[in-house]
Amino acid sequence: MSEISHILPLSKPKEGISRTGTWRLKKPVIDHSKCVKCMMCWLHCPESTIDVVESSDKFVEVNYDFCKGCGVCANVCPVKAISMVPEG
Amino acid sequence: MVGGISIRELPRKKYLLPGNPSCPGCPEALGLRYLGMALGDRVILVVPAGCSTVIEGLAPNYSMRFPIVNVPFASADAVASGVAAAKEVLGEDAVVVVWAGDGATADIGFATLSGAAERGDNIIHICVDNEAYMNTGIQRSSLTPYGAWTTTTWTGKKERKKDVPLIMLMHKVPYVATASVGYPMDFIEKLRRAVLIKGFKYIHLHAPCPTGWRFDPSLTVEVAKLAVETGMWILFEAVNGKVKISPPSLPYRDRSRRKPIRDYIKIQGRFRTLTDEELKKLESMVDDVWDTLTKFT
C-alpha cells in the first residue's frame, strides 16, 4: 500500500484533519441529570462528535475539539437536556 | 425502537470522522453517517463533484472511513458499473454506492444514471437532494422547487421540480425509494433492504441545507421532518415497480392531515419572495405529485 501511494494520489482516512471546534459560536452543554439515554443526540449529530460511553455515568459525551456548535442535538433532544451556551 | 431496527444495535464505528470541513448542521454529513451505520465496511463510494468532495477534505488525508473513487461529474454511474463488475469477477463482497448530489443526478450525470439503470448494473445510486448546486454557491438545479430563491433565480424559480424518483421507476429497476435525513431509521432500513436486491437500486435522499436554504443550522432535522409533514416530500418505496408509501408519510395521503405548507416555507429564507398566489400554485403542485404517485400504489 505504501509503495502504491508514492505513485498514485491516494489519501488516507484521518480523524481531525482540521480543528473544527474553533468554528463554534455556541457550545452544547448536557444536563446529565435530565438525560433519558435515548441516544437521539448521538444519532443526529452531523459531525460524529457525540460519543456514547455506556460504562460512564455521563452516558453521552461531546468532543469539544471538533464540535461545530450547530445545535441539532439540542433541537432533537426529547427532554431538552442540552442547552446551547454562548462561547467566550 | 423504530421499525425493525433498534437504535442500540446500530454500529458505533465512525464512518464520517470528526474534523471534516462540512458546514455546521450539514445534512450530507448526516446521510453519510447513516450510510455507514446501515452498510458498514462493505461500502465503496463513487463520488462525483459536489459537497461530498469538499467534506472529504484535502490530500494527503480525508475524513471518511469508506474507500472512495472521486470521478468527473457525468461519469459517476459508468465508473460504479465498472467497479461493481470488477468486484463480481474477483468474487469480493462489496456494495458500490454512487453518492451524488442533485446536480450530478438530475442534470449533468443523468445520461450515465439512465444508462446504468437500463443495463441493470448492480449498484446503489443515492441522490442527496439539497435542491441546488450548493457546492459552487447555490445555483438553481432542475430539482430546485417552485418559488425558491437561488443566486441564479433572484425572484424565485418559475419552473417545477423534476420528479426523478418517478423517472427512475419508469426505468423498471428493481428498487426505487425516497428517504429523508429527518427519518434516519427509515433510511437505514431502506438501505439494508436495497442491498439484498441484485440489480440497479435508486434512493433519493431529501437533505435540507442550512447554508443554501437560509435557515438556522440547528433546524436541519426539523425542516426535513416538516417537508414530510406538509406533504412537500413523500417517502415511498417501490420493489419491482409496486409503490408502497412508507410509514412516516402514510398519514399525509389524506390532504386534511397535512400541516400547512406555509409552516415549511416561513422558516426558510429561500422562499422570502414567494407571494400568496405563488404559494397556491405550489400547493396545487404538491397535490399533483401526490395524485400521480398514488396512481402507482
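Two strands count as paired if DSSP finds at least two bridges between them, and strands (E, at least two residues) and helices (H or I, at least four) are DSSP runs numbered from the N terminus. The model here is predicted, so to speak of local features takes a pLDDT of at least 70 and side-chain atom pairs count only at pLDDT 80 or more, while totals for chains, interfaces and linings use all residues. Residues are numbered from 1 along each chain as its sequence is written, with chains lettered from A and ligands numbered from 1 in the order in which they are written.

Strand S1 (residues 12–13) of chain A runs parallel to S2 of chain B, with two bridges between them. One of the partners is B:Asn61 in S2(B), bridged to A:Lys12.

As for the contact between the chains (C-beta atoms, placed from the backbone, within 7 Å), chain B puts in 31 residues and chain A 30. On the chain B side, H1, strand S2 (61–62) and H9 each supply at least two residues.

Helix H9 (residues 220–229) of chain B is largely enclosed by the rest of the structure, because eight of its ten residues are buried (20 or more other C-beta atoms within 10 Å of their own, C-beta atoms being placed from the backbone). Among them are B:Val223 and B:Lys225. Just after H9(B) comes B:Gly231, with a positive phi of about 85 degrees.

Notes: A residue is buried if 20 or more other C-beta atoms lie within 10 Å of its own, exposed if 12 or fewer, and partly exposed in between; C-beta atoms are placed from the backbone. Two residues are in contact if their C-beta atoms, placed from the backbone, lie within 7 Å.
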